Amino acid sequence: MDKGLGAGIGDIISHFQNSSCSDGVQEPCIWASPGGARKIDIGKQIFCNRSLNMKNIVAVGFDMDYTLAQYKPETFESLAYDGTVRKLVYDLGYPEELLEWSFDWKYMVRGLVLDKKRGNILKMDRHKYVKVAYHGFREMSKEEKVEAYGNTLIRDAFDEPDYALIDTLFSLAEAYLFAQLVDFMDNNPGKDSKSTDYVRMYKDVRAAVDLCHRDGTLKQMVAKDPKTYINEDRSIVPMLKMLRESGRSTFLVTNSLWDYTTIVMNFLCGSHTLDGGITCNSDWLLYFDVVITGSAKPGFFHEDNRANLFQVEPESGMLLNTDNGTPMPQVGDISPGLLLKEKNGTCRIFQGGSVGHLHKLLSIESSSQVLYVGDHIYGDILRSKKVLGWRTMLVVPELEREVELLWELRDLRKKLHLLRNERDLIEDQIHHLKWSLKSEGIDVDEQRKMCTRMDDLEYQRDKARLSHQEAQRECHQKFHKVWGQLMKTGYQNSRFAHQVERFACLYTSQVSNLSLYSPDKYYRPSEGFMPHEFEIIPL
């Protein structure tokens with residue numbers, strides 16, 4: 001074992017046990033419950049940044065879009081992209097050539113930063129140093145990166161209004177379209193009055209995206225054929241049942257409105273027919289205590305939010321006035337509108353309101369009793385964690401492939417570690433020789449020998465540096481040809497990984513991974529490494 005890896009190895013071994021497969025390859029196995037060892041695929045594991053005892057959690061809440069409902073990028077994001085392009089051309093006056101463009105849904109990744117002024121897309125590390133940068137689709141040289149982002153006396157915060165953070169899967173299509181526009185305008189000067197005005201181009205893209213959502217086209221297409229746009233996950237219902245049978249309340253808080261929410265949730269939780277269809281009903285409401293639609297997150301998480309809370313009548317979708325969640329007589333009716341629970345046991349449905357209403361509806365006494373699961377680092381996780389003190393779980397679908405690759409590439413990563421140590425050792429020897437040559441009293445023969453040794457070491461250093469760079473590039477491109485590993489940039493945690501580490505108590509590849517663990521599990525973090533690097537570090 002390489003002692004240079006530092007603290008954390010003991011914790012890693014205590015969390016994971018190795019079991020041999022039929023092919024002799026060692027794979028990680030986690031003790032998922034006090035009852036014994038259950039092998040869980042590495043891509044399905046839940047990783048912990050902050051100790052969380054599920055016995056203290058009385059309510060578990062979920063976002064819907066990109067959390068419970070995982071959209072297919074090849075269909076849904078392409079649909080959003082095509083709609084945005086049409087809005088740019090027909091509503092905002094962009095050239096009709098844009099209608100011939102297509103969307104490469106594999107090109108962009110989360111965690112990037114879009115520079116609106118310069119037309120650049122950046123990947124940076126946790127310290128906000130730009131490591132990878134593209135102007136449109138052209139990779140920027142080291143000199144260009146230093147000129148743009150390294151020659152200032154005051155560090156750039158890389159925040160709005162000059163930058164846009166690409167932190168949700170929903171943002172990937174607009175980032176790709178922005179890069180296309182940058183290339184198009186650069187290569188066609190004078191083609192359009194918007195030429196080289198990157199800020200205006202970005203604003204137009206955002207406006208076109210908003211128009212797509214506002215006219216309802218996207219959601220109408222999904223509603224007609226959910227299976228084409230949403231991944232099926234048969235583990236969601238067992239997970240919700242497990243949580244409710246363990247005595248916990250469950251709730252849904254989504255920005256989507258009721259008409260769309262019920263279609264998506266019925267697809268995810270509804271009964272499947274023999275021909276693969278879905279029975280349309282509201283049985284999915286049996287798995288929740290409270291559903292809040294049209295929540296307007298992240299504003300929903302502020303307790304001083306005075307938004308009105310309306311009750312939704314599920315059959316008609318009609319909104320009924322409430323007195324902070326309490327049923328009240330409607331116009332022309334002297335009796336309260338709906339009971340706390342309908343006779344069939346389904347939950348109450350609301351629109352709007354704030355977290356104060358939710359706490360009251362669920363009788364929450366302490367915010368630390370709530371675990372909220374979402375996909376948006378700012379809209380879901382940061383606000384609920386920082387403002388309320390809720391416990392948080394971030395869903396990162398890309399993580400499944402990433403940790404599987406980390407495991408598969410463990411030999412290459414070990415080689416990288418050794419090459420880096422070799423290069424550092426040679427450079428240390430060169431520095432030592434340089435200082436020795438400056439010393440007085442060294443005779444000419446000794447100087448000649450030292451210079452020869454220096455030449456030899458510099459040759460070895462250049463060779464080791466080239467080997468290291470080639471191995472690093474090979475490893476980098478295994479994850480993504482352009483942007484590399486989601487959670488790393490070089491040897492540093494990426495900016496995205498830093499946000500995950502700061503604000504997510506737990507993180508995992510999909511929400512239904514909760515069903516693989518005991519509902520009373522005590523999650524504990526390891527020391528020294530990002531949690532998903534436990535057993536897949538180069539030992």
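Helices and strands here are DSSP runs, numbered from the N terminus. I'm working from a predicted model.

**Entry: the annotated pair.** I started with the UniProt record, an unreviewed entry, whose "binding site" annotation covers D63 and D375. The two are spread over 313 residues of sequence, yet they cluster in space, with a largest C-alpha distance of 7.6 Å.

**Entry: D63.** I looked for D63 and found it in the loop between β5 (59-62) and α2 (73-90). Is D63 buried or exposed? Its relative accessible area is 6%, and the cut-off for buried is under 20%, so D63 counts as buried. Next I listed its contacts, leaving aside neighbours within four places in sequence: among them are L252, V253, T254, K297, Y372 and D375. I also noted a polar contact at 2.9 Å, which joins the side chains of D63 and K297.

**Entry: D375.** I then went to the loop between β17 (370-374) and α11 (377-388), where D375 is placed. D375 has 7% relative accessibility, so I put it down as buried too. With neighbours within four places in sequence left out again, D375 touches D63, D65, Y66, T67, R110, D380, L394 and V395.

**Entry: helix α9.** Last, I turned to α9, which takes in residues 258-269. How far does α9 reach from its first C-alpha to its last? I get 16 Å for its 12 residues, close to the 16 Å expected at 1.5 Å a residue. I checked burial as well: 10 of the 12 residues are buried, so α9 is largely enclosed by the rest of the structure. The buried ones include W258, Y260, M265, F267 and C269.

Terms used: Residues numbered from 1 in each chain as written. Predicted model: local features only at pLDDT ≥ 70, side-chain atom pairs only at ≥ 80, totals over all residues. Heavy atoms only, no water. Helix = DSSP H or I, 4+ residues; strand = E, 2+ residues; numbered from the N terminus. Expected span 1.5 Å × (residues − 1). Buried < 20%, exposed > 50% of the residue type's maximum accessible area, 1.4 Å probe, protein only. UniProt positions renumbered as here; feature names shortened; annotations may be inferred. Contact = heavy atoms within 4.5 Å. Polar contact = N/O pair within 3.5 Å; in protein donor to acceptor, adjacent residues only side chain to side chain.
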